[in-house]
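Dear colleague,

Please find the structure below, with its sequence. My notes on it follow.

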Amino acid sequence: MADKPTTIEEYIDAFHAETRVVLNEIHSTIGGVMPEAEETISYRIPTFKIDGRYVVYFAGFAKHVSVYPVLDDMGDLEESIARYRSGRGTLKFPLNEPVPYHLIGEVAGRLLASRRRA
């Protein structure tokens with residue numbers, strides 16, 4: 001990966017083709033949920049911000065992709081995301097399984113709603 005990517009596209013382009021496909025779909029999914037968000041790089045990973053405040057990050061790794069943060073209580077989504085929880089506030093999706101993009105979109109929507117209430 002590039003030492004310091006400056007755009008989400010640059011970040012994604014640094015990965016192998018198979019991972020790029022997944023990261024691009026996550027990027028599109030989150031962007032579809034929050035089209036008004038500012039897209040940036042923070043902590044060297046893709047970040048979506050609203051009103052200058054982060055809402056959601058995503059990142060690629062050798063064997064998985066992750067989405068951050070996740071609320072401690074995601075309400076009725078909890079059962080669906082339980083198998084993907086990895087550590088506090090992280091969802092980890094193995095690259096050797098189908099990625100549930102619809103679920104990532106729902107999580108992003110909840111994070112956006114939570115940020116707007118704060």
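**Core and packing**

Among contacts between residues at least 6 apart in sequence, 47% join residues at least 24 apart. Keep in mind that this is a predicted model.

The chain has four helices and five strands, in the order α-α-β-β-β-β-α-β-α from the N terminus.

On overall dimensions, the radius of gyration is 13 Å, which agrees with the value near 13 Å that a compact globule of 118 residues would have. A box of roughly 35 × 35 × 25 Å along the principal axes holds the C-alpha atoms.

Of the 118 residues, 42% count as buried. The largest nonpolar core has 36 residues, and Ile30, Met34 and Phe58 have the most contacts inside it. Two or more residues each come from α1 (8–13), α2 (17–33), β2 (45–50), β3 (53–60), β4 (64–68), β5 (91–94) and α4 (101–117). The largest contribution is from α4, with six residues.

What does methionine 34 touch, leaving aside residues up to four places away in sequence? Its contacts are Phe48, Val55, Val56, Ala108 and Leu112.

The chain carries 14 positive and 17 negative side chains. The centres of these two sets lie 6 Å apart.

Regards

Note on methods. Residues are numbered from 1 along each chain as its sequence is written. This is a predicted model: local features need pLDDT of at least 70, side-chain atom pairs count only at pLDDT 80 or more; totals for chains, interfaces and linings use all residues. Side-chain values use heavy atoms; hydrogens and water are left out. The radius of gyration is taken over C-alpha atoms; the globule rule is 2.2 Å times the number of residues to the power 0.38. Buried means under 20% relative accessible area, exposed over 50%, partly exposed in between (1.4 Å probe, protein chains only). Contact means heavy atoms within 4.5 Å. Lys and Arg count as positive and Asp and Glu as negative; His and the chain ends are not counted. The place of a charge is taken as NZ of Lys, CZ of Arg, CG of Asp or CD of Glu. A nonpolar core is a set of buried Ala, Val, Leu, Ile, Met, Phe, Trp, Tyr and Cys residues joined through side-chain atoms within 4.5 Å.
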